[in-house]
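Hello,

Here is the structure I promised to pass on. Please have a look at it first, and then read my notes below.

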Amino acid sequence: MHGIFYDPVHDEIVVPVALAGAVLTLPGGANGGDPPLRVIQGPKTGLAQPDTLYVDLEHDEMIVDSGDNSVLVFPRTASGDVAPIRRIGGPKTRINNIYGYTIDASRNQIIVANRVEPGGRESNDRILIFGRTDEGDVAPKSSIAGPRTGIVKIRQIVADEARGQIFVTVKNNFEYYNYDDVRPSPWNPDKTGFIGVWSVTDNGDVPPRGVIKGPASGLVWPAGVAINPANHEVYAIDSVSNALFAFNTPEFFVKPPATTSAGR
């Protein structure tokens, strides 16, 4: 299990279980062997190996990674062997390997962190933005990808709806092992990861509008991100440092000026 979502409105914990092809919803106070409140599982669901999800509390829906390169949408209270109410998947979508979701409910958008495992040293990872009610094999409304973005090994993603921004954790490093006489090195220390910030209106090969990275940040392979706009804070977990970091970045939480969809 890699994904988890806490629903503060209904005090519920929602967890995808890849090996069981299921989504479990538990009470917030669950302990020990307490049974789930609801289980989505079975052939009608389309769930193969769900790994990440997001609960859209404004529209009372649950967005789940199917495990086979598609976005599945269920009612939040769905239970049993039930079909999704919408599915986004197919070659036009460019969805290949979903590593994270976020919702911009105010703009009716589903934002996907999509990873493409390359055969060489080039990355096709990208941020894909779809309409919230899109269905079927549809092209994304916009896609943020390319060498100027620095997106290599994309990880988790979260939206700041009030300011129209997307916060993304990026490893910025191809995973390879270079064994020497001292120790194996699973990352290139000269190309550590970062937290990047893009506008929801960005499209194409657009550099991030803000970045947290470098030796002083302590970030090596950032894997998870969360934000606290009220306190101007960005939180990150790092899979190499095995640590939780908090950054005070008031400049990230100033409403940016309006821009065109072509970028800056």
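Asp60 is partly exposed, with a relative accessibility of 34%. Please keep in mind that this is a predicted model. Asp60 forms a salt bridge with Arg76, and their closest N and O atoms are 2.6 Å apart. Asp60 lies in the loop between β5 (53–56) and β6 (61–65), while Arg76 sits in the loop between β7 and β8, so this pair ties together parts that are 16 residues apart in sequence.

Arg76 itself counts as buried, at 9% relative accessibility, because the cut-off for buried is under 20%. Arg76 has another partner as well: Glu12 forms a salt bridge with Arg76, with 3.3 Å between the closest N and O atoms. Since Glu12 belongs to strand β2 and Arg76 to the loop between β7 (70–75) and β8 (86–89), the pair joins parts that are 64 residues apart in sequence.

Glu12 is buried too, with a relative accessible area of 8%. The side chain of Glu12 also meets that of Arg38 in a salt bridge (2.7 Å, N to O). Here Arg38 is in strand β4 (residues 38–41) and Glu12 in strand β2 (residues 12–17), so distant parts of the chain, 26 residues apart, are linked. Both Arg38 and Glu12 are buried.

Put together, Glu12, Arg38, Asp60 and Arg76 are linked in a network of salt bridges. As for the whole structure, a search finds eight salt bridges.

Conventions. Residues are numbered from 1 along each chain as its sequence is written. This is a predicted model: local features need pLDDT of at least 70, side-chain atom pairs count only at pLDDT 80 or more; totals for chains, interfaces and linings use all residues. Side-chain values use heavy atoms; hydrogens and water are left out. A salt bridge is a side-chain nitrogen of Lys or Arg within 4 Å of a carboxyl oxygen of Asp or Glu. Helices (H or I, at least four residues) and strands (E, at least two) are DSSP runs, numbered from the N terminus. Buried means under 20% relative accessible area, exposed over 50%, partly exposed in between (1.4 Å probe, protein chains only).
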